[in-house]
Amino acid sequence: MVGDGLNDGPVLSAAHVSMAFGRAVPLAQSKADLVVMGDSLVTVVQSIQMAHRTLTIVKQNLLWAAVYNAVCVPLAVMGLLPAWLAGLRYGIKFLGCGAQCLATLIPDKELTMDSLYLLIPLSVLLVLAILVGLWWAVDRGQFEDLEQEADRILRDD
């Protein structure tokens, strides 16, 4: 429901999803779920389109998480997949989800593989920067205290 007048207040509060414009009367704004800035109905249509794209991405991410948890976690538990590789695959999945979410910010375009191809290299560079930083920290002995504490805890058990 979209409304901007005084008489729209009760209907906006009863609707499943309601929107009011920024120049609507304060009662309509307070009863609406979302206040759209501006006066154009095009903004409402764009909001609905973005909601549909977002829902599609959420479904894709949930499917990927289910597949990952059904395949990689049992393999890692059985020892057939090294834990670091399972973690790396999880990180790659996380980056893919982030790239998909960033792709929703591209206005007036449907989510295409072309938009993901632009965002994934940036995500890979970020992962490489994190890995280099971790390698540098390990090389300088930043985690030695943690290793000694973990060894002490394991010996005590």
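## A pocket and a serine

Guide: This is a predicted model, and its second largest pocket is lined by Gly87, Leu88, Gly91, Ile92, Phe94, Leu95, Leu126, Val127, Ile130, Leu131 and Leu134. The volume of that pocket is about 190 Å³.

Visitor: Which elements give two or more residues to the lining of the second largest pocket?

Guide: Those are helix H4 (83-103) and helix H5 (113-139). H4 gives the most, with six residues.

Visitor: Okay, over to Ser18. Where is the place of Ser18?

Guide: You'll find Ser18 in the loop between helix H1 (9-14) and strand E2 (19-21).

Visitor: How do you know whether Ser18 is buried or exposed?

Guide: Check the relative accessible area: for Ser18 that is 0%. Buried means under 20%, so Ser18 is buried.

Visitor: What does the side chain of Ser18 reach at 3.1 Å, and why is that called a polar contact?

Guide: It's the backbone oxygen of Leu12. A polar contact needs a pair of N or O atoms within 3.5 Å, one able to donate a hydrogen and the other to accept it, so this pair at 3.1 Å counts. The side chain of Ser18 also reaches the backbone nitrogen of Asp33, at 3.0 Å.

Visitor: Which residues does Ser18 touch, not counting those up to four places away in sequence?

Guide: Met1, Leu12, Lys31, Ala32, Asp33 and Leu34.

Notes:
Residues numbered from 1 in each chain as written. Predicted model: local features only at pLDDT ≥ 70, side-chain atom pairs only at ≥ 80, totals over all residues. Heavy atoms only, no water. Helix = DSSP H or I, 4+ residues; strand = E, 2+ residues; numbered from the N terminus. Buried < 20%, exposed > 50% of the residue type's maximum accessible area, 1.4 Å probe, protein only. Contact = heavy atoms within 4.5 Å. 1 Å grid on protein atoms, 1.4 Å probe; cavity = no way out; pocket = protein on both sides within 12 Å on 5 of 7 lines; lining within 4 Å. Points joined across faces, edges and corners; volume = space filled by probe spheres on them.
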